[in-house]
Amino acid sequence: MCKVIFVLTRAFPPEEKFGLISQMTRCAVSIPSNIAEGCGRKSNKEFYQFLNVALGSSFELETQVIIAKEFNYISDEKSEAICSTIIEIQKMIAGLQKSLNT
């Protein structure tokens with residue numbers, strides 16, 4: 001997902017560099033980063049919290065993709081494909097949280 005978002009935002013207008021582009025790329029990086037950091041923690045409870053942050057970032061990213069579509073920075077088809085992938089990521093994170101039994 002990170003690579004998709006970084007490639008996608010290259011086509012955005014330059015004036016979005018410190019706005020939507022920055023927000024989207026930070027969220028995209030935040031998801032796997034928080035999962036990785038949580039894996040390194042000593043307890044499932046801590047891991048669960050990092051998964052919560054990753055899940056929150058995924059919802060932020062989903063919203064930002066919708067905003068990008070509304071500004072016609074991306075097509076409806078591209079938006080739908082990316083949002084579908086984000087929803088799959090959300091389901092995987094939620095499943096991982098459920099497996100932790102905290």
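Student: In which loop does Asn72 lie?
Tutor: This is a predicted model. Helix H4 covers 76-100, and helix H3 covers residues 44-70. Asn72 lies in the loop between H3 and H4.

Student: What is the phi of Asn72?
Tutor: Asn72 is not a glycine.

Student: Is Asn72 buried or exposed?
Tutor: The relative accessibility of Asn72 is 68%. The cut-off for exposed is over 50%. Asn72 therefore counts as exposed.

Student: What is the pattern of the protein chain, read along the sequence?
Tutor: The protein chain has 4 helices and 0 strands. Read from one end of the sequence to the other, the pattern is α-α-α-α.

Student: What does the C-alpha trace of the protein chain span along its principal axes?
Tutor: The protein chain has 102 residues, of which 37% are buried. Along the principal axes, its C-alpha trace spans about 45 × 25 × 15 Å.

Student: How are H1 and H2 oriented relative to each other?
Tutor: Two packed helices are described by the angle between their axes and the distance between the axes. For helix H1 (residues 2-9) and helix H2 (residues 20-39), the angle is about 170 degrees and the axes are 9 Å apart. Angles over 145 degrees count as roughly antiparallel. H1 and H2 are therefore roughly antiparallel.

Student: Which residues of H1 and H2 make the contact?
Tutor: From H2, the contact involves Ile21, Met24, Thr25, Ala28, Val29 and Pro32. From H1, the residues are Cys2, Ile5, Phe6, Leu8 and Thr9.

Student: Which residues does Ala28 contact, leaving aside neighbours within four places in sequence?
Tutor: Ala28 is placed in helix H2. Its relative accessibility is 1%, so Ala28 counts as buried. With neighbours within four places left aside, its contacts are Cys2, Ile5 and Leu61.

Student: What separates the C-alpha atoms of Ala28 and Ser57?
Tutor: Ser57 has its place in helix H3, whereas Ala28 is in helix H2. Along the chain, Ala28 and Ser57 are 29 residues apart. Their C-alpha atoms are separated by 7.4 Å.

Student: Is Ser57 buried or exposed, and which residues does Ser57 touch?
Tutor: Buried means under 20% relative accessible area. Ser57 has 5%, so Ser57 is buried. Not counting residues up to four places away in sequence, Ser57 touches Cys27, Ser30 and Ile31.

Student: How far apart in space are Glu80 and Phe50, C-alpha to C-alpha?
Tutor: Glu80 has its place in helix H4. At 56% relative accessibility, Glu80 counts as exposed. Glu80 and Phe50 are 30 residues apart in sequence. From C-alpha to C-alpha, the separation in space is 27 Å.

Student: What separates the C-alpha atoms of Ser99 and Glu77?
Tutor: Ser99 lies in helix H4. Ser99 is partly exposed, with a relative accessible area of 49%. Along the chain, Ser99 and Glu77 are 22 residues apart. The separation of their C-alpha atoms is 33 Å.

Student: How far apart in space are Asn101 and Tyr48, C-alpha to C-alpha?
Tutor: Asn101 lies in the segment after H4. Its relative accessible area is 66%, so Asn101 is exposed. In sequence, Asn101 and Tyr48 are 53 residues apart. In space, their C-alpha atoms are 9.2 Å apart.

Student: Among contacts between residues at least 6 apart in sequence, what percentage joins residues at least 24 apart?
Tutor: The percentage covers contacts within the protein chain. Contact means heavy atoms within 4.5 Å. The share joining residues at least 24 apart is 63%.

Student: How far apart are the mean positions of the positive and negative charges of the protein chain?
Tutor: The protein chain has 11 positive and 11 negative charges. The mean positions of these two sets are separated by 10 Å.

Student: What percentage of the accessible surface belongs to carbon and sulfur atoms?
Tutor: The accessible surface of the protein chain comes to about 6,200 Å². The part belonging to carbon and sulfur atoms is 57%.

Definitions and conventions: Residues numbered from 1 in each chain as written. Predicted model: local features only at pLDDT ≥ 70, side-chain atom pairs only at ≥ 80, totals over all residues. Heavy atoms only, no water. Helix = DSSP H or I, 4+ residues; strand = E, 2+ residues; numbered from the N terminus. Buried < 20%, exposed > 50% of the residue type's maximum accessible area, 1.4 Å probe, protein only. Areas by Shrake-Rupley, 256 points an atom, 1.4 Å probe, with all protein chains shown as cover. Lys, Arg positive; Asp, Glu negative; His and termini not counted. Charge placed at Lys NZ, Arg CZ, Asp CG, Glu CD. Axes fitted to C-alpha atoms, helices over the stretch in contact; angles between N-to-C directions. Parallel < 35°, antiparallel > 145°, perpendicular 65-115°, else oblique.
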